[in-house]
Amino acid sequence: MCVVEIAGTQRLVPACNTAVLEGMDIQTNSPRVRQARKTNLRLILSQHNSNCTTCIRSGFCELQRLSHDLNIHYQPYEVQPERSRVDLSVPIVREASKCIKCMRCVQICDKVQGMNIWDVTGTGSRTTVDVSYNRYLKNTACTFCGQCVTHCPTGALTVRDDTNRVLRALADPSVTTVVQVAPAVRVAWGEVFGTINKNKQAPVGKLVAALRRLGFDYVFDTNFSADLTIMEEGSEFIERFTHRGKYRWPMFTSCCPGWVRFIKTQYSAYTENLSTAKSPQQMFGAVAKSYFAEKMGIDPKKMFVVSVMPCSAKKAESELPTMRDACGDPDVDVVLTTRELVRLFRSDCIVPSDLEEEAFDSPLGTGTGAAVIFGTTGGVMDAALRSAYYLVTGENPDPDAFAEVRGSKPWKEAAFTIPGAGTVRVAVVSGLANTRRLMEAVDSGEADYDFVEVMACPGGCAGGGGQPIHEGVEMASSRGSQLWKLDAKAPIRFSHENPDVQALYRTYLKKPLGERSHHLLHTDHEAWQALPKTDRPGV
Amino acid sequence: MSRLEVKMPGQAQAVVEQLYRNMERRIAASPPGLCPVDMALNFLNLCQAQTCGKCVPCRIGLAQLSNMIREVLDGEPDISILHRIENTAQVIVDTADCAIGIDAANLVLMGLKGFRDDYEEHILHHRCLGTLKNPVPCVALCPAGVDIPGYISLVNEGRCADAVRLIRKDNPFPTACAYICEHPCEARCRRNMVDDALNIRGLKRYAVDHAGDVPQPKKAPATGKSVAIVGGGPGGLSAAYYLALMGHRVTVYEQQKQLGGMMRYGIPSYRFPREKLDAEIASILSLGIEVHTGVKVGQDVTFDQLKDQYDCLYISIGAHTDKKTGIQGEDSQGVVSAVEMLRHIGDDEMPDFTGQNVVVIGGGNVAMDVTRSAIRLGADKVTCVYRRRQEDMTAQREEVEGAIAEGAEVLTLQAPLKIEADETGHVTALWTQPQIIGEIDKAGRPRPNTASVEPLRIPADTVIVAIGQGIESRGLEESGIKIQRGGNVAANTSTQIPDMEGVFAGGDCVTGPATVIRAIAAGKAAAANIDEYMGFNHEIKVDVKVPTPRCTDLRPRGRVNATERDACERKCDFQCIECSMTDEEAAQESSRCLRCDHFGYGIFKGGRVEKWKRSRSMAGNCPPPRAPLSWRPLKRPVSPSPTCAS
């Protein structure tokens with residue numbers, strides 16, 4: 001596609017694979033180049049299922065845009081898309097008929113995530129992209145991070161659409177619908193609706209109002225359970241830190257399901273180093289279907305918990321057999337990505353700018369500044385350190401005392417002294433190829449930490465696989481800085497000061513790491529198989 | 001109207017003939033790993049175009065076979081389609097009128113047997129077992145994985161010393177390989193699709209001839225570990241080289257008086273000048289490798305003593321014993337083995353054949369080496385006797401042609417029968433039984449059969465037997481090292497000897513007589529695995545930056561071939577036969593490189609390997625893939641591929 005004409009060279013040359021040299025005379029829009037670009041695009045389109053009207057990527061598809069830009073309105077070639085064979089049992093869905101073999105998925109998975117799940121397969125004119133080593137996706141160590149989806153230029157790779165299950169629940173009057181919204185969703189959903197206020201942000205209040213318009217009975221905030229996670233995980237860290245000999249080090253965060261799958265398949269010996277605390281999404285589900293259901297007198301079996309996440313791996317997490325602690329049903333019934341939520345708003349003709357801001361429902365709708373930063377790299381560590389400091393010393397630190405863990409550097413290290421406990425050596429990493437480097441360093445003894453935060457997606461959840469897709473732009477860093485701003489502006493910036501979390505402990509859980517917490521809020525990471533056994537090895 | 005006309009090809013036919021030649025070259029450059037079902041279909045389509053149309057099985061049958069195989073690739077057929085394909089192909093074989101149909105259907109039947117699992121994968125899983133394995137054909141086919149496009153581009157820029165440094169990352173013997181490598185790298189050079197394969201070895205020769213003295217890189221800090229290498233040939237010295245670079249203490253034990261193995265005691269100096277060999281070995285030893293020559297392990301020192309004394313052992317003793325013909329009179333005076341003769345020459349103990357009739361038995365490279373050496377040692381007449389045809393000889397074509405140019409007689413289709421001796425027991429003649437060439441065997445070579453012709457007497461003063469080499473395995477077996485049938489040492493592709501801690505083996509003594517580059521590759525693999533075994537993960541890399549490629553010139557151009565000294569002049573001495581490329585030739589030849597490391601699949605995946613080291617753990621993610629298709633048809637032992645070059 002991106003060919004240019006160089007004076008004195010017989011053939012057109014690919015611009016992306018040719019170094020510019022002094023004195024080159026380059027034509028980018030010569031008649032030959034125009035013709036070649038159009039022909040090559042038409043060839044791509046001759047193997048592409050161009051049913052744009054029913055494609056999930058219509059409107060933000062690079063191929064569609066390019067085809068319009070190059071003024072292509074007829075197709076001289078016979079159109080023969082590859083046959084699609086779709087597997088909906090996993091959150092990542094590939095439709096072969098839409099794949100243009102640009103191999104970006106292979107690149108992002110190899111080079112950024114270091115997982116080598118996708119590969120070029122077959123040979124000759126039937127060469128295509130598929131799961132490496134002729135396996136099926138469900139039988140691989142795929143973390144379902146969804147980076148391949150957000151870097152796919154077409155609708156060939158998508159996250160499974162579960163909106164119909166939500167719409168069915170919303171339509172059933174006998175079901176109480178509860179929705180939770182993850183921190184990183186609030187700084188991304190508005191991108192699709194253009195500028196919403198003069199700060200170029202979509203206030204979370206409008207998101208709450210829009211969710212109510214969809215018909216949810218209760219609109220809650222995952223920030224609440226992020227604060228709860230800090231209470232449990234922070235206490236767990238203090239427990240481990242003050243009884244060093246009893247545990248393997250370092251302790252790893254456990255809120256990112258992509259990372260949990262990664263460690264279970266790639267470094268399984270380190271599974272016991274994971275915090276046993278569930279992720280905020282799953283803590284929320286477990287609390288909603290126990291404490292909240294009990295409080296409101298709702299039959300948890302008749303409660304439908306939806307979570308809106310920036311993430312595709314969260315879908316797989318909610319389906320784990322170990323995530324059914326409140327009443328035996330899945331604690332979270334359906335996970336929607338930010339993109340699915342936006343699609344629901346659009347199909348209901350909800351215009352966010354027309355809506356008045358509304359507040360989250362109570363009691364699972366209160367969150368602190370320490371919770372909202374869960375959506376970006378370093379945030380979980382920052383929040384955990386703030387409360388760990390308090391739990392040890394009984395005093396609040398400066399909320400910005402741990403700022404060293406912030407920022408978009410892929411691998412950060414710091415050491416902080418907590419009076420009475422000692423010096424805590426921490427590391428923060430995002431992106432799985434970076435994570436593999438860190439794990440190699442930990443494994444070989446080159447690196448030595450007490451507490452490590454890992455997020456599978458580069459930049460953390462803000463750049464998650466479920467977030468809105470923008471061609472050629474990585475949004476994790478700008479969304480992340482909005483989350484840090486929300487934290488800075490928050491009236492409460494310590495998880496342990498969340499009044500509704502305090503009430504939950506007072507009236508129901510009693511104390512962090514207590515018996516009820518153990519049952520509802522912690523999990524055994526060893527109790528499920530990340531790699532299913534296959535009857536054919538390697539398939 | 002005239003009664004007879006002179007046949008003249010039309011223009012279209014002339015172009016088609018040209019296209020046939022282009023296709024032949026294209027097939028020669030075909031990358032390994034292609035889907036065999038897809039290839040079967042495309043071969044079949046070619047056959048289909050050749051049908052004359054007279055008989056039904058060929059005209060319609062081949063078309064229907066093609067439809068069914070396409071259905072396997074693109075449709076959703078039932079597995080029973082394989083029976084239908086097989087039955088149809090068998091009927092075509094049985095009933096087509098001529099070879100056009102019979103042979104085409106046979107190709108399909110061969111495929112159904114040879115790669116049925118590929119057919120089944122397509123039908124049952126709609127997937128292909130084939131995957132492209134060699135984005136850079138020359139690198140993939142070099143047993144040692146040398147960065148060929150890298151050094152070709154350095155030669156093109158006149159950076160010969162850097163080229164040598166880059167080669168040494170994967171092969172410590174750039175000079176040896178510049179002179180005598182059998183260059184498997186050239187076999188599938190993509191440039192074949194344009195005109196002809198690049199003269200890769202010739203360019204390497206140019207590089208080493210113009211590099212000057214290139215110092216060796218610095219060694220890693222000493223590890224305190226020690227390794228003994230048994231056998232100082234190309235494989236043993238390669239292992240020694242990399243292990244020394246990694247910081248291990250290395251000691252080489254060599255049975256002969258000097259180091260070099262077959263490079264000294266097999267390859268005559270007119271192919272590889274001794275002073276070049278000595279300089280290359282000296283350069284390797286400059287890393288501080290301890291050497292004991294004239295020590296026979298298993299006799300002067302036992303394997304068990306070495307095992308006690310060193311942390312690891314690498315056995316690379318090569319294949320230096322001769323094979324006997326077993327014919328009557330073989331023990332007569334004047335009958336010598338090629339191995340023995342070349343060994344003496346290696347130590348400058350030259351036999352004198354002045355005025356003699358010398359007869360050489362064999363058709364391999366060693367037979368050519370002794371033939372051409374005998375000419376140089378004053379023989380009146382040298383006759384090379386071989387039981388098949390000249391084109392069936394395993395020797396390289398240019399070796400045979402060179403020998404003939406120097407005056408050797410090549411007597412083909414003659415099987416040695418007996419050796420005649422006079423009353424003093426000295427050889428007087430070789431009797432041979434003339435042969436008729438017969439059926440093609442499984443390996444694709446025609447078998448010779450006894451012809452109904454009287455035996456032939458070839459007068460001889462000396463008979464040299466060059467029919468193969470074996471491995472001296474006695475000392476090994478006693479110390480518990482497993483020997484396979486045929487006498488080879490049992491070691492796997494990672495050079496480990498099963499059930500033996502810390503003992504590795506590779507090269508000719510594992511594979512049987514092979515080539516220098518395969519021994520080097522085995523030594524390299526052994527070094528990596530011994531390093532790993534001793535608990536290290538040393539990286540081998542070089543800081544040479546490979547030039548960014550410019551646009552490639554695709555105008556078809558002739559290949560620059562090596563020139564040789566005059567036959568009548570060179571046959572009188574042991575000086576090097578082959579001339580180096582000129583500056584002009586090297587510049588032109590190196591500019592023909594298509595830079596497959598940059599253009600095509602190489603830039604995306606599997607291109608440049610900048611260092612070799614352990615690949616990171618990928619537990620649960622990378623099941624060992626099925627052996628790549630490219631290597632499957634090879635039945636002969638494949639030299640170990642370096643595990644670190646992933």
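Author: Strands in a sheet are held side by side by backbone hydrogen bonds, and the pairing is either parallel or antiparallel. In this predicted model, V178(A) stands opposite Y218(A) of β9(A). Strand β8 of chain A, residues 176-181, pairs with β9(A) in the parallel sense, over four bridges.

Reader: In what order do the strands of this open sheet lie?

Author: The order is β9-β8-β11-β12 in chain A, four strands with parallel pairing. At the edges stand β9 (218-221) and β12 (334-337) of chain A; each has a single partner strand, so one side of each is left without a neighbour in the sheet. From one strand to the next the twist averages 25°.

Reader: Which helix packs on the sheet?

Author: Helix α9 of chain A, residues 280-296, packs there and touches β8, β9, β11 (303-309) and β12 of chain A. The direction of α9(A) makes about 150° with that of β11(A).

Reader: What is the sense of pairing between β10 and β11 of chain B?

Author: Strand β10 of chain B (residues 414-421) and strand β11 of chain B (residues 427-440) are antiparallel, with seven bridges between them. P416(B) has T432(B) in β11(B) as its bridge partner. The hairpin of β10(B) and β11(B) has five residues between the strands, and there G425(B) takes a positive phi near 90°.

Reader: Which residue has a positive phi although it is not a glycine?

Author: Most residues other than glycine have a negative phi, and most peptide bonds are trans. C349(A) has a positive phi of about 55° and is not a glycine. C349(A) lies in the loop between α11 and α12 of chain A.

Reader: Where are cis peptide bonds found?

Author: One joins W249(A) and P250(A), with omega about -5°. P250(A) belongs to the loop between α7 (222-242) and β10 (251-252) of chain A. Another runs from S362(A) to P363(A), with omega near 5°. P363(A) is in the loop between α11 (338-347) and α12 (369-372) of chain A.

Reader: How many salt bridges does the rule count over all chains?

Author: Side chains of opposite charge can pair when their charged atoms come close. The count over all chains is 74 salt bridges. One of the pairs is D331(A) with K278(A), whose closest N and O atoms are 3.6 Å apart. This pair links distant parts of the chain, 53 residues apart. D331(A) sits in the loop between α10 (313-318) and β12 of chain A, and K278(A) in the loop between α8 (257-266) and α9 of chain A.

Reader: How many residues does each chain give to the contact between chain A and chain B?

Author: The size of an interface is often given as the accessible area lost when the parts come together. Here chain B contributes 38 residues and chain A contributes 45 residues. The two chains bury about 3200 Å² between them, 48% of it on carbon and sulfur atoms.

Reader: Which polar and charged pairs cross the interface, and how many are there?

Author: The rule finds four salt bridges across the interface of chain B and chain A. Among them, the side chains of R85(A) and E76(B) meet at 2.6 Å, N to O. On the side of chain B that touches chain A, α2 (36-50), α3 (56-74) and α6 (116-125) of chain B each supply at least two residues. By class, that side of chain B has 18 nonpolar, 11 polar and nine charged residues.

Methods:
Residues numbered from 1 in each chain as written. Chains lettered and ligands numbered in written order. Predicted model: local features only at pLDDT ≥ 70, side-chain atom pairs only at ≥ 80, totals over all residues. Heavy atoms only, no water. Contact = heavy atoms within 4.5 Å. Buried area = accessible area lost by both parts, 1.4 Å probe. Nonpolar A, V, L, I, M, F, W, Y, C, P; charged D, E, K, R; others polar. Pairing = 2+ DSSP bridges. Axes fitted to C-alpha atoms, helices over the stretch in contact; angles between N-to-C directions.
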